[in-house]
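Dear colleague,

I am handing over to you the structure shown below.

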Amino acid sequence: MSPAEGRPQGELRPGDLVRLSCTSMAHRGLGVSRLQGRVVFLFAAAPGEEVTARVTKVRRHYAFADTVEVHRASPERVEPPCPYFGRCGGCQLQHLSYGAQLEAKRSVLLEALAGAGLGRLPEPELAPAADPWRYRWRGEFHLGPAAGSLGFTARAGYQVVPIEDCLIHQRALTAELGRLGEAAGQLRPRPQTLLLTLGQGGEQLLVQARPRPEAGQALVSAAQAAGAGLQLTDESTQLSYRGRQFRVFPEAFVQVNQGTLAALYEPVVEWLRPELPGESVIDAYGGLGVLSLRLAEEGARVTVIESNPVSARLCRLHADMHGFPELEVVCAPVEEELPRQGPARAVVLDPPRAGLAPQVSGWLGLAGPPTLAYLSCEVSALARDLRTLCRLGPYRLERLRLVDMFPQTYHFETVCLLRRS
Ligand SMILES: C[S@@+](CC[C@H](N)C(=O)[O-])C[C@H]1O[C@@H](n2cnc3c(N)ncnc32)[C@H](O)[C@@H]1O
C-alpha cells in the first residue's frame, strides 16, 4: 500500500509514492490521472499506463507527480534517448513515440478550443516536423556552476543542468558548447547566458553574451583562439527561406525550427492567395518579414507592424533587398497601430506566447477585416483569443492546422483561418 492510502482524504503529501492510472494527456505534456478527488498531473506517463509516481506538489484540487515505475506500459512508450531527460527542463515528451506526441498535441488543441465554446471545430490538419530531432537553429544556454559548463534550467528548481549535447539542437551548434563554455568561464564578469544562432547554412555561429552583449567580442576571440570549429561572430548572421536571404541579429526573433518553416507559412499564403492581389494586408507581429515578403510576392499591398526596432529595421532592409520597396513597415505596438490603419482585406496575427492584447482582439471583433490568419505558439492564449473573436465576436473558424515546430517538447504552433460572418 502506498503511504498516502492510509491517510484521510486530502492528506496527500509531496514525497508520497502513489499508484496511478494515466487516462489522457493534458497541456504541458503531462499525463492525467485521478486520486482522492484530485487530478494528478503526471510527468513521463502515457495514456493507458499504470504507474507508481512520486508526488511533487499538492494543491486543493490537483497535484503533480513524477513517474518512477511503469507497471503497464503503453505500446507508444519509447526509451528517451537523451541522458538528461527528466532532469533538464527542455523536453517533456521523449518517452512517447513521435506519432503519440502528435496525437497528444492534437487532443490538447481540440480540448482547449472546445473549452473556448467555439462549437463544431474544423478537423485540424496535422503537419509533423521535417525531423523530430536536431531541429533547433537557435538556443539559450546558461553557464553552470562547474567551470566551462553550459546547460539548461532544471525541470524542477532553478539550477543549471550542464549538458554536452542536446538532441533537439543542430549538431553543428552543440559541437561548439565546449570551447564557448571554456571561453565564457574565463571572462570577468562571467556571462550568465549565451544565445546561440546557427546561420549561413550551418557554417557560422552567432553568439550573444547576456546580460552584457559587449563581452561578445572578447568571448568570440577567446573561443576562436581555443581551437578550430565553426566561424563565430557576435554581430549578425544569415538565414534563408525559399532562396531569399534574411539577416539576423541576436535581438531579433527568429523561428527556431528552420526545417518546418514552410509548413507554418505556406498554408497562410495558400489560404489567403485568392484575396491577395492588389489588396491591403496587415502582417501584425511581422518580425523579420519572412512571411510578409511571401504575401507581397503574391501581389498584396503589405503593411508590417512590429514593435522591436531591430526586427523592424531588418524587415525594412529585407523588403528593399528583395525588391519590395512599396512594403510598409511600422515600428509600433500592434495594440496602438492596428486601429490607426485604414481598412484591410486581411490581417495576419503572429503574436508572442501571451497572445493578443485585449485591445487587439476587442478592436478586431468590432472593426476587423473580412479575413484573419492567426499563427499561435501558445494554445491557451489562442483559445482565449478565439473566444473573443469567434464566440463573442463575428468570426468563424474555418481552417485549423497544427504544425509541430517543437518535437519532444509540449510546444506546438497552430495556424487558423477566420472569416467574418
Ligand atoms: C512570434 S514572433 C513572430 C515573428 C514573425 N511573424 C515570424 O514568423 O518570424 C512575434 C513578433 O512580435 C513582436 N512583438 C511582440 N509584441 C509586440 C507588440 N505588442 N506589437 C508588435 N509587435 C510585437 C516580436 O518582436 C516578434 O518579432
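**Helix 3 and its surroundings**

The buried residues of helix 3 pack against strand 8 (138-143), strand 9 (150-153), helix 2 (171-174), strand 11 (193-199), strand 12 (204-210) and helix 4 (216-225). Please keep in mind throughout that this is a predicted model. Helix 3 itself covers residues 177-186, and its buried residues are Leu177, Arg179, Leu180, Gly181, Ala183 and Ala184. In general, an α-helix has 3.6 residues a turn, so residues three or four places apart point the same way.

Which residues touch the most other members of the largest nonpolar core? They are Leu42, Val207 and Ala373, in a core of 124 residues. As a general matter, nonpolar side chains tend to be buried together in soluble globular proteins.

Most residues other than glycine have a negative phi, and most peptide bonds are trans. The following places depart from that pattern.

- The peptide bond between Arg188 and Pro189 is cis, with omega about -5°. Pro189 lies in the loop between helix 3 and strand 11.
- Pro211 belongs to the loop between strand 12 and helix 4.
- Gln200 is not a glycine, yet its phi is positive, at about 50°. This residue sits in the loop between strand 11 and strand 12, and it counts as partly exposed because it has 16 C-beta neighbours inside 10 Å.
- Arg242 is likewise not a glycine and has a positive phi of about 45°. Its place is in the loop between strand 14 (237-241) and strand 15 (244-248). Arg242 has 12 other C-beta atoms within 10 Å, and therefore it is exposed.

**The whole chain and its domains**

The chain contains 10 helices and 22 strands. How does its overall size compare with that of a compact globule? For 421 residues, such a globule would have a radius of gyration near 22 Å; the chain has 23 Å, which agrees. Taken along the principal axes, the C-alpha atoms fill a box of roughly 70 × 60 × 35 Å. Of the 421 residues, 45% count as buried. Among contacts between residues at least 6 apart in sequence, 61% join residues at least 24 apart.

The domain assignment gives domain 1 (3-77), domain 2 (102-131 + 258-420) and domain 3 (138-241). Between the C-alpha centres of domain 1 and domain 2 there are 37 Å. Six residues of domain 1 are in contact with six residues of domain 2. On the side of domain 1 that touches domain 2, two residues are nonpolar, three are polar and one is charged.

**The surroundings of the ligand**

How many residues surround the ligand? There are 20, and the closest are Tyr285, Gly287, Ser307, Asn308 and Asp350. By type, the shell divides into 11 nonpolar, six polar and three charged residues. Helix 6 (290-297), strand 17 (301-306) and helix 8 (334-337) each supply at least two residues of this shell.

Is Val290 buried or exposed? Val290 is found in helix 6, and it is buried because 22 other C-beta atoms lie within 10 Å; the cut-off for a buried residue is 20 or more. Not counting residues up to four places away in sequence, Val290 touches Tyr241, Phe246 and Tyr265. Val290 and Ala319 are 29 residues apart in sequence, while their C-alpha atoms are 9.2 Å apart in space.

Arg13, by contrast, counts as exposed, because it has 11 C-beta neighbours inside 10 Å; the cut-off for an exposed residue is 12 or fewer. Arg13 is placed in the segment before strand 1 (17-21). Leaving aside the neighbours within four places in sequence, Arg13 is in contact with Val55 and Val58. Arg13 and Arg387 are 374 residues apart along the chain, and 37 Å separate their C-alpha atoms.

With kind regards

Key
Residues numbered from 1 in each chain as written. Predicted model: local features only at pLDDT ≥ 70, side-chain atom pairs only at ≥ 80, totals over all residues. Core = buried A, V, L, I, M, F, W, Y, C linked by C-beta atoms within 7 Å. Domains from an automatic or database assignment. Contact = placed C-beta atoms within 7 Å. Nonpolar A, V, L, I, M, F, W, Y, C, P; charged D, E, K, R; others polar. Helix = DSSP H or I, 4+ residues; strand = E, 2+ residues; numbered from the N terminus. Rg over C-alpha atoms; globule rule 2.2 N^0.38 Å. Near = placed C-beta within 6 Å.
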